[in-house]
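I set down here what I looked up, taking each chain in turn and then the pair.

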Amino acid sequence: MAKKFLYLNRKAPYGTVYALESLEVVLIAAAFEQEVSLAFLDDGVYQIAKGQNPKAAGMKNFSPTYNALGDYGITQLYVERESLVERGLTEEDLMPIVYEDENDEYAEKPSVQVISRAEMSQIMAEQDVTLSF
Amino acid sequence: MKYTIMVNEGPYQHQSSDTALQFVRAALAKGHTIFRVFFYHDGVNNGTRLAVPPKDDRMLQKEWSELAEKHGLDLVICIAAAQRRGLMDASEAKRQGLSADNIAAGFRISGLGQLIEGGIESDRTIVFGD
């Protein structure tokens, strides 16, 4: 039976390598046919912020990869509302990441779900494996 | 209970490797099983045999190697993270055309799939990080 894996992203996309290497784990994990979801909280919400351009800092912009997650069967990206609010962000500041629903004539549907801290704790409680980055 | 352990920080800069080591010792002492210890991010640096800490300090890499030998632990270093940070076994060094390797006894280099397999096969997966 498939297990529920949650990848918990808490850190900004640049400045440390956690976000990039977390995404590398997620892409490998997708091949194992488990139930995979991602959560973004604290500074981790910046990982899926729109309009990233870290070129001047000599870093590679890896944020387009999040758009490919749907093709890997990863369609649940939870974002904590309180983390957005604390940083002066709204859902409008996030990349419009979508997936094609194969059970609904491949209609494009949003992968990002903004949820409350209380709902986030509920989702964490439902997991079999939580990997925190 | 069967555990998989993930170590995400290098030795000395952070305490996560120390804490993981102590957890593994305690779990084994209670009769639990350690399915695998997976080293990721800077955690791969726990597997270098070239660290020479001061004599009055603990020797983390050596403690991992000794614990692995005593209990048959599977210590896995992520290859992608290791390549970035210059952690090599003999065959990888040869493949990359490098003149030396530095992996310590008891560690092996493999892919991220080993972490996911650990999560699937174990009752609990515990992350020791920053």
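I traced chain A from the N terminus, and its elements run β-α-β-α-β-α-β-β-β-α-β, which comes to 4 helices and 7 strands; helices (H or I, at least four residues) and strands (E, at least two) are DSSP runs, numbered from the N terminus. I then looked up the radius of gyration of chain A, which is 14 Å, close to the 14 Å that the globule rule gives for 133 residues, so chain A is as compact as a globular protein of that length; the radius is taken over C-alpha atoms, and the rule is 2.2 Å times the number of residues to the power 0.38.

I noted for myself that this is a predicted model, in which local features need pLDDT of at least 70 and side-chain atom pairs count only at pLDDT 80 or more, while totals for chains, interfaces and linings use all residues. Residues are numbered from 1 along each chain as its sequence is written, chains are lettered from A and ligands numbered from 1 in the order in which they are written, and side-chain values use heavy atoms, with hydrogens and water left out.

Of the contacts in chain A (heavy atoms within 4.5 Å) with a separation of 6 or more, 78% are between residues 24 or more positions apart. I also looked up the charges, counting Lys and Arg as positive and Asp and Glu as negative, without His and the chain ends, and placing each at NZ of Lys, CZ of Arg, CG of Asp or CD of Glu; the mean positions of the 11 positive and 22 negative charges of chain A are 7 Å apart.

In chain B the elements run β-α-β-α-β-α-α-β-α-β from the N terminus, with 5 helices and 5 strands. Of its 130 residues, 50% count as buried, and in chain B the 15 positive and 16 negative charges have mean positions 2 Å apart.

Note on methods: Buried means under 20% relative accessible area, exposed over 50%, partly exposed in between (1.4 Å probe, protein chains only).
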